[in-house]
Amino acid sequence: MFKNLLSRLVQGLLVLLVLYTLTFFLVKALPGGPFQSERAMPKHIRAKMETYYGLNESLPVQYGRQLRNYLKGDLGLSFRLEGRPVSEVIAQAFPVSLQLGTLAMFLAVVIGIPAGCLAAAKRNSLIDTGAMAVAMTGVCLPAFVIGPILAECFGRGLHWFPALGWDAGWPSSWLLPAFTLGLAYAAYLSRLTRAGMLETLSQDFVRTARAKGVSPWNIIVRHCLRGGLIPAVAYLGPAFAGIISGSVVIEAVFQIPGLGRHFVKAIESRDAPMIFGPVLLYGILVILANLVTDVLGVWLNPRLRKSS
Amino acid sequence: MTPEKGTSLWTDAWLRLRHNRAAIAGLVILAVIVLACVLLPFLPGVLQDPNAQNLADKNLPPGATHWFGTDQLGRDIFSRAIFGGRISILVGLITTFVSVTIGIVWGAVAGYVGGRTDALLMRIVDILYALPFLVIVILLSVTLQPWTAKLTEWTVQAIAGTDASQAAIGGVRTWVEPITTLVPLFIAIGALSWLTVSRIVRAQVQSVASMDFVEAARSLGLGHGRILFRHILPNTLGPIIVYTTLTIPSIMLFEATLSFLGLGVKPPNSSWGVLIQEGANTMFSNPWPLLFPSVLFSLTLFSLNFLGDGLRDALDPKSAK
């Protein structure tokens, strides 16, 4: 188990290196440069800037130096935000994205898994069909369609929540964006949970339990939940990854000042250091999420423990 | 006594699919939308110019001349939705083709060759799986953007010939350009969305490769390529078809997401994602430009998902009880 975890950790570092390399070359190949604005910059100033940021050195040199800086924890300075440290921008914007993502993940799990269990327990009933129809809607309606509709109905129509924006101290402004972000994942989780539970419910030990007179509630909760949740739990890592990068879209819909906004703007303005920061951060989060998922999976499924 | 006629896997599957109402409904709706988007632009007089602005007729509700109403520039939403749908469907199909082709070849080679090759190929898949997908696709599509101009020139010349008249070149360009500007999207999304296909194909190929008829083919002296592509892959078609049906909607969703962020399809081209984004900007004053493209887009995704689920049940006899 421990050895397995260690090898996953090593693989995670390898993934980060690949991610860094890929981003490095993609950013270098981006059309246009950070200093090619409409207002032409005098040549000598531009040359000075490029020397300052080390943009006139050979690619391998830049690659190595930048990697060393990142290993030291130095994320560099943003071009677009006139030399503000990238770490400062991230420290300011990331908590918003993280809050949004965590709440969305929480909503997805709290809505998706019970709905899937209920649908499986009442198979082929109205509840099952209804829940799965809602889940299909959640999978098919993109966030950028649901978002504006929710903002229109609950924000401008009923005035229950603010329609746009983000107020760190005011949780009611978190709910609509987080729900919009989490809905698709809630839907997918409920489908996975239902399938997993149905599989478990059809096994022989469940028939034995029924014959012994165990109550339906106990069969679901005490006998089947652990096995039935395996597919859903295996999806939690990818779901978290999707939610974290999906918040780029939600932040655009609800005009939330999170990291995703900075990332999109950084790409538009070719602000290389500001592209790297979020990409590497997203990468680390995805790797951590997958690691946690693996551990949870082993905990739920004893068969995995023997093989490792 | 007449011998009982056997039914093939495909006949069985069709019989099962026919009884799945949701899947058939999906198939019909899908056919209607796709046919409308493909055929209507070629019928004269049905559609108006999707980019023609008419400020006198702006923000009209649905009516007899403008079936879906008009947007804030007086453009006909019905025409825009149909032309946008054509682009969305095109991107969905071509990108899925790119993605599934890579996935099949990658997975088939890994599963058939096995050993170290398999370990290496699958390790690469593991690593790519752990990348933040949306972020990489955004970067990749923006990076590939400047190549489209060159690609357009090159394709136009290849089709029209170097010594063609200006008019002929312009004529070719009008239909080549909208497609070549989409190529970065095909590549960016296709290059990273084949991972799941490759895993599925690998598992299938592994299980089929150990069967006796493969042994027979080998003892007949057939080459590896022939065994793999003529004997093994056709036996794995079921899961591939199912997964392809389910890949198309996720890729269309992806294209729409990129376009919504302003990083995908660029004006004057439009796709459902672009239309939804434009509609969302004006939805408080005029909801129709948001409503109709959203409904068409969601209906398409619904249909593809229901059809995919139905196909899975139909092609996998174990799951259809």
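A: The crossing of H1(A) and H12(A) is right-handed, where a crossing counts as right-handed if the near helix is turned clockwise from the far one by less than a right angle, and as left-handed if it is turned anticlockwise. This is a predicted model, in which local features need pLDDT of at least 70 and side-chain atom pairs count only at pLDDT 80 or more, while totals for chains, interfaces and linings use all residues. Residues are numbered from 1 along each chain as its sequence is written, with chains lettered from A and ligands numbered from 1 in the order in which they are written.

In chain A, helix H1 covers residues 2–29 and helix H12 covers residues 272–300, and the two pack at an angle of about 155° with their axes 10 Å apart. That angle makes H1(A) roughly antiparallel to H12(A). Here helices are DSSP runs of H or I with at least four residues, strands are runs of E with at least two, and both are numbered from the N terminus. Axes are lines fitted to C-alpha atoms, for helices over the stretch in contact, and angles run from 0 to 180 degrees between N-to-C directions; under 35 degrees counts as roughly parallel, over 145 as roughly antiparallel, 65 to 115 as roughly perpendicular, and the rest as oblique.

On the H1(A) side, the residues that meet H12(A) include Arg8(A), Gly12(A), Leu16(A) and Tyr20(A), and among their counterparts in H12(A) are Ala272(A), Phe276(A), Gly283(A) and Asp294(A). Two residues are in contact if their C-beta atoms, placed from the backbone, lie within 7 Å. The residues of this contact divide into 13 nonpolar, three polar and two charged, with Ala, Val, Leu, Ile, Met, Phe, Trp, Tyr, Cys and Pro taken as nonpolar, Asp, Glu, Lys and Arg as charged, and the others, Gly among them, as polar.

The loop between H11 and H12 of chain A holds Arg270(A), whose phi is near 55°, a positive value in a residue other than glycine. Arg270(A) is buried, with 20 other C-beta atoms within 10 Å, where buried means 20 or more such atoms, exposed 12 or fewer, and partly exposed in between, with C-beta atoms placed from the backbone. Gln255(A), in the loop between helix H10 (230–254) and helix H11 (259–268) of chain A, also has a positive phi of about 55° although it is not a glycine, but Gln255(A) is partly exposed, with 13 other C-beta atoms within 10 Å.

Helix H2 (residues 21–39) of chain B and H14(B) pack at an angle of about 140°, with their axes 8 Å apart, which makes H2(B) oblique to H14(B). H2(B) passes H14(B) in a left-handed crossing.

Finally, there is the contact between the chains, which takes 35 residues from chain A and 31 residues from chain B. On the side of chain B that touches chain A, H14 (288–315) is one of the helices that each supply at least two residues, and H5(B) gives the most, with nine residues. By class, that side of chain B has 24 nonpolar, six polar and one charged residues. Chain B as a whole has 14 helices and zero strands, and 42% of its 321 residues count as buried.
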